[in-house]
Amino acid sequence: MSAPLPAGGFLRRLAALTRKETRQMLRDKSNLLMGLLLPLALIWLFGYGLSFDVNRVPVAVVLQDPAPAARQALAGLQGSRYFDARWMTDMHAARQAMRQGEVDAIVQAPGDFAARLAAGDAAVQLILNGLDATTASAVEGYVEAALALPAAKEAGRAAARTGAQAARVEVMQRLWFNEAGISVWYLVPGLVVLILTLIGAFLTSLLIAREWERGTLEALFVTPARPLEIVLSKLAPWLLVGLADVVMCLLAARLTFHVPMRGPLALVLAAALLYLTVSLLLGLFISGVTRNQFQASQVALLASFLPATVLSGFMFDLRNMPAAVQFIGQLMPASHFMGVMKTLFLAGADSAATQAAIARGMATLAAYALALAWATQRTLRKTLD
């Protein structure tokens, strides 16, 4: 039986090993930065991104009754921090604003609203954008609360003058694009975006880094192949794999979850293929810049999947977040693809307004694809470090 080691020897060895590991950690700057920056990034993303609050929601108020009593009854929408009231007299303009995504709700007061308010049986129509059922439900509750107090006061004054029974304004609610208010209908298109983001970025984030680590990329540099040709050759096979994933996602959305697809299937596939190209090129760019598989995987997670989950409008309305976070969210390709997919699935592409919104989103994605293709081939210039 061996004698126990002296405690002093144990402490000296432990201290020596700890110093060695500390020096090794300090030399590996990438892991150190990841350990320090990842928690900060997660705190920032989830702290600012996760919010169920509804603030400054754009609401079109169509007041077809010029009487002061009618405007006074709807005054609660004007002074509330929850709404950005936009007064209109034309219902057609309000519908166009809803289709273009400029407003999330329409409050319509009919031409005889003041008279009905005096009689105690006034009602307004509330049309909600059902592309985001969570926001729509919150907006409905806020509108009812905002109309309750001023309408009750006005009805009380009318009752005092005429002797009629005072009554609150009734809100006649209607959902556009998701009439049944089924949450799966707006969640599944968002899940398609997240899946393509994760699959695309991670499929290619290791390709170039792996070849840098193995030294096989230098062999390509002595061939006549140009950097752009190398990028496209790496992109092509994974684009086919990603396209198979797109088809599986669309089949699951339609056959398993019964989500309506009101836009043309060809346009849905074109938008998905365009975004998949952007996502794959992003992974290639990250792989070419980092030249390390571990770093590439971590950066791909931080630069693609996490922001797409929080800052793309998948779960939370981006307009309820601080201006700086909104700006960052709008810089992400996933935000634009999210809007295109929800519009194609639930709103369709029949009107000029939805067609314009889809065209803007796809043009933005095409610009991202060109920029990332250029940036990625710049990482593969034929120079050896």
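Buried, in this talk, means under 20% relative accessible area. Keep that cut-off in mind. The model is predicted.

Start with strand S1, residues 57-63. Seven of its seven residues are buried. Both faces are covered. One side carries Val-57, Val-59, Val-61 and Leu-63. The other carries Pro-58, Ala-60 and Val-62.

Now the neighbours of S1. Strand S2, residues 83-88, pairs with S1 in the parallel sense, over six bridges. Val-59 has Ala-85 as its bridge partner there. Strand S3, residues 105-109, also runs parallel to S1, joined by five bridges. Here Val-61 partners Val-107.

Next, charges. Side chains of opposite charge can pair when their charged atoms come close. How many salt bridges does the structure hold? Two.

Take Arg-86 and Asp-84. Their closest N and O atoms are 3.3 Å apart. Arg-86 is partly exposed, at 33% relative accessibility. Asp-84 is partly exposed too, at 25%.

The other pair is Glu-211 and Lys-234, at 2.4 Å, N to O. Glu-211 sits in helix H8 and Lys-234 in helix H10, residues 227-256, so this contact ties together parts 23 residues apart in sequence. Are these two buried or exposed? Glu-211 has 18% relative accessibility, so it counts as buried. Lys-234 is buried as well, with a relative accessible area of 12%.

Last, helix H8 itself, residues 207-214. Just after the helix comes Gly-215, with a positive phi of about 80°.

Key
Residues are numbered from 1 along each chain as its sequence is written. This is a predicted model: local features need pLDDT of at least 70, side-chain atom pairs count only at pLDDT 80 or more; totals for chains, interfaces and linings use all residues. Side-chain values use heavy atoms; hydrogens and water are left out. Buried means under 20% relative accessible area, exposed over 50%, partly exposed in between (1.4 Å probe, protein chains only). Helices (H or I, at least four residues) and strands (E, at least two) are DSSP runs, numbered from the N terminus. Two strands pair if DSSP finds at least two bridges between them. A salt bridge is a side-chain nitrogen of Lys or Arg within 4 Å of a carboxyl oxygen of Asp or Glu.
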